Each structure stands twice: as structure tokens, then as C-alpha cells.
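Welcome! Take a moment to turn the model around on your screen, and then let us walk through it together.

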Amino acid sequence: MGEAIVITSGKGGVGKTTTSANLGTSLALLGKKVCLIDTDIGLRNLDVIMGLENRIIYDLVDVVEGRCKIHQALIKDKHFEDLLYLLPAPQNSDKSAVNEEQMKKLISDMKPDYDYILIDCPAGIEQGFRNAIAGADKAIIVTTAERPAVRDADRIIGLLEKEEQIEPPQLIINRIRGHLLHEDEEMDIDGVTDFLKIDLIGVIPDDDQVIVAANKKEPIAYNPDNRVSLAYRNIARRILGESVPLSPIGGEPKGFMSKLKKFFSVR
Amino acid sequence: MNKRIQQNVMIKGTKDGFMLHLDDSCSFSDLLKELEVKLSANYQFQENDPSISVKVHTGNRYLDEKQTKMIKEVIHKKKKLFVDEMISNVLTKDEANRWKDENQVTTVTKVIRSGQVFEVPGDLLLIGDVNPDGTVRAGGSIYVMGQLRGIAHAGYMGNNEAIIAASVMKPAQLRIAGQVNLSPDEYTKWGHDLECAFMDEEENIIIDKLQVLKKYRPNLNRLEGGL
């Protein structure tokens, strides 16, 4: 029986979809069978990041309305034999085309066949968000170290705490820029975790290669030499239950690294 | 056999008016009748006498609103008498529950997050933070064992005596009863430790160190417990 994890943030543009794609890829690289579900109906782009957009025939709404079988709508990622699948969202419906009950049923139907189901949540807290969290067992909150993003993450955590079937959410801080941290211009990692009071599962550095990879239609996680890729792979291992220390964000003076290490050793 | 007649209404003089003790074992109609007789028989009022305040003690009898009004009417018929206070030994369950709710401290371990509103009828002891855009509201005082960064509204049903205290005071807004205090535009990085807010006689919200509370709100020390 697999686990359904919703990846959400509240604010748009902090990297939910990139995180979904890369975590899915990383988990598949570790030999787990993964299905990604894009619930951003009307504004899908997980398919683009995965490089699968030309192969969409059926989508999420077709499945929940019974126009096709689940396996007909799933797109297999050719990098793997039988490990990574995508259930795309339709581009020509809106968020109200699906309701929470349908999502719950869909995900519980799929759980026996996969180790992990990653649900990419749309921005906002409306119907799309409620659909995305309806069938989830766990939640991962993605935020950047900026006040607006952290504030929205706080709101989302508050909403998730009301959902009793979901375990306490875990946090990914995305796009950390080492030089800004050093100059005290950004909220630092301690600042964010102290504010949100939830467990940190990973920190992703900011790297231009992420954009390059997205344009090449291949998630960065395939590149074994990239630090972002490494960070995602480490998060995947933490999801599997391994204890992997936080890798330091490059380019900082020693003071910060020791602070980071100290922070993680307390956990 | 000297059968003593049970008196249902007893009149006692005190220094600030007099007190009517109403027996609680007779029927209400008997009581009303006797009250009327007693008040008209014993006293002759002069035109220029000052009004006399009367306290009514109903013992263990519970009077509903209608009955209270009837008793008051009987007394008010005597021109120089007015009812100052009705005292009773009994409370309804609702009143007792409300009294209990308003006087107890609710303890919660929680982070009040953006968009959440947490409300209690009495005092609130929050073991956790109030994040920006989160609101805590209490009928009594609010004590935050954590960082107060959102909105705290103490005494929201109009209790000017309520206070707000926090381990780290960095609120967006403090409200006590009907008054609002907006935060300064900028806090120092760590805010202010162990501070409290209360209302002075001119209804201004004062924010000061915790030590001053002992002077302004001595009633906060509740050593005897609930009652």
C-alpha cells in the first residue's frame, strides 16, 4: 500500500511543480514506483517539466468522470522501465470539474499499485487546493525564505492541521541563496523553521541549472553532479526514512556552516 | 399549645436601608400576599421622606424574571421604596456555567497561524505562538508563552481589567475591550521580552514590563483558586 503525499505552498511560484517533478524522479531513481498527479486543472505544467506534454491523451477529469480507465490516462516516463508515471491535468476545464470525493476515491484506487503518489497542488486555498489534499496521507510544504511565501505557508499549515487524515506537514525551503543569507538580507533557515514550527525535510539551493533543465524538458534530478539534484535526492531518501544530514549551501563563510550543522544536530 | 405563626417575610434594618428576607419554603403566591400586607400595615410614609433603598434576599428560592418583576412591583407600589438589589443563594445552571467559563483559564498548546481565530470565554493560556494574521480573543486575559506576533484581543466582551502578557511581545495589534493599539512600524529583531499590556484609567493601552502588573492589577493573584 503506497503513500499519497501532497506538495503544496499556498503562494504561487515557489517551486511546487519543480519539487514534485524532482522528488518523483528521485524516488524513482531509488527504485520506488511513483505516480505524479497534476491537480492544477486549467494551468497544468508538471507535464512540461517532465517533458511528457506531447503524449497526453486522457487526463484527470477523463478518469474521474469515467471516460477512460486510470491506466489509459497515465503517461509512463521512458527514463524508467516501469517506475514513474504522470496523471496530467486537463488544460480546458477548471478546478470545479473535480470534487474532493472523486479525488479521494481515485487516490485510494491507485495506492495499492504504487509506493508513492505525489500530488502537485495548485496555488491558492480554493477548490483546487481542497481537491489536492483530499486523498493525501502526508503533506510537504514548499516555501522560499521570503516573508510573503512564509506567511502563505503558515496559512496552509493552519488549514492542513484541520485535516485529521494528514500527518503533520514537513517543510522544504526552496531557492536558498547563500550570499543573501550571509548578508542577512533574507530570513535564514532558522528564521523560517522557528516561525513555522514544523519539521524541516530539506533545503534546496538556488541554481540557474533548474531553469535550464526545465527548458530541456528533463528534471534536474537526473543530473548527478548538480547540488540541487543532490538536495532533491537527499529529500527522497529522507522520505524513505533514511537519516541524511542537511548538506551545506555552498558559498557561505564557515560561521554559517557551523550554525547549520549545529541546527541539524539538535533535530 | 402556642402555635407560632410562620413569618414568610422578615424585615431587617441595616445602615444603608433595610433588607427584606423572603422565606423560601412557602408558595410564591403566599409570599406575594404577605409581602403586600406587611408593607402596607407597618409603615406610614410622609410626603417629604427620602426614598429608602431595599435589598431583597430570596434565600434558596429561584425567581425567574417574571416573578422578580412581580416582587419589585409590589415593593414599588409603596412610593418611598425602591429595590436596590435582589440577592439569592441560587443560580441557574446556565448562569453557573457562564460564570465558570468566564472565570476559568483555558490552556492550549498550539500555534495560532495566519488566518486562524482562536476564541475563549475566559482567560487564555497559550503555550505556543501567535503568528502574523492569526488572532487570539479572550473574555478575560491572554497569556502567551511564546511569541505574540499576531492580534491579541483581551476582554473582548468589554472587560477593561483584562491584560495581555507574552514571553515575546511583537504583536501586530493589541486590543483590550474597545481599545486598539497598533504596533510600531519596526521591532528590534527579538521584540520585547516578558511584557504585558493593560488599560489605564483613561482607557489607554499601556505596554510595560511585567513587574508593573503587581501594582496595577493586584487582583490577578488568585491564590484561593476558583471561588
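This is a predicted model: local features need pLDDT of at least 70, side-chain atom pairs count only at pLDDT 80 or more; totals for chains, interfaces and linings use all residues.

Two strands are said to pair if DSSP finds at least two bridges between them. The strands involved are β7 (residues 123-127) and β9 (residues 142-148) of chain B, which run in the parallel sense and share 3 bridges. In general, the strands of a sheet pair through backbone hydrogen bonds, either parallel or antiparallel.

Now step back to see the sheet they belong to. Chain B holds an open sheet of 6 strands in the order β5-β7-β9-β11-β14-β15, and its pairing is mixed. At the edges stand β5 (105-109) and β15 (205-209) of chain B; each has a single partner strand, so one side of each has no neighbour in the sheet. From one strand to the next, the twist averages 20°.

Chain A is our next stop. Its 267 residues include 47% that count as buried, and the chain has 12 helices and 8 strands. Looking at contacts in chain A between residues at least 6 apart in sequence, 75% join residues at least 24 apart. An unreviewed UniProt entry places the feature "domain: AAA" at residues 3-161 of chain A. That span of chain A is 39% helix and 18% strand, and its end C-alpha atoms lie 18 Å apart.

How do two of the helices in chain A meet? The axes of α1 (residues 16-29) and α11 (residues 227-239) of chain A come within 8 Å and cross at roughly 65°. The two helices, α1(A) and α11(A), are therefore roughly perpendicular to each other, and α1(A) passes α11(A) in a right-handed crossing. On the α1(A) side, the contact is made by A:Asn22, A:Leu23, A:Ser26, A:Leu27 and A:Leu29, while α11(A) contributes A:Tyr232, A:Arg233, A:Ile235, A:Ala236 and A:Ile239.

Finally, let us look at some backbone angles. Most residues other than glycine have a negative phi. A:Arg175 has a positive phi, near 55°, and is not a glycine. This residue, A:Arg175, sits in strand β7 (residues 170-176) of chain A. Is A:Arg175 buried or exposed? A residue is buried if 20 or more other C-beta atoms lie within 10 Å of its own, and A:Arg175 has 21 C-beta neighbours inside 10 Å, so it counts as buried. B:Asp133 also has a positive phi, of about 75°, although it is not a glycine. You will find B:Asp133 in the loop between β7 and β8 (135-138) of chain B; with 18 C-beta neighbours inside 10 Å, B:Asp133 counts as partly exposed.

How values were computed. Residues are numbered from 1 along each chain as its sequence is written. Chains are lettered from A and ligands numbered from 1 in the order in which they are written. Helices (H or I, at least four residues) and strands (E, at least two) are DSSP runs, numbered from the N terminus. A residue is buried if 20 or more other C-beta atoms lie within 10 Å of its own, exposed if 12 or fewer, and partly exposed in between; C-beta atoms are placed from the backbone. Two residues are in contact if their C-beta atoms, placed from the backbone, lie within 7 Å. UniProt positions are given in the numbering used here, feature names are shortened, and annotations may be inferred rather than shown by experiment. Axes are lines fitted to C-alpha atoms, for helices over the stretch in contact, and angles run from 0 to 180 degrees between N-to-C directions. Angles under 35 degrees count as roughly parallel, over 145 as roughly antiparallel, 65 to 115 as roughly perpendicular and the rest as oblique. A crossing is left-handed if the near helix is turned anticlockwise from the far one by less than a right angle, and right-handed if clockwise.
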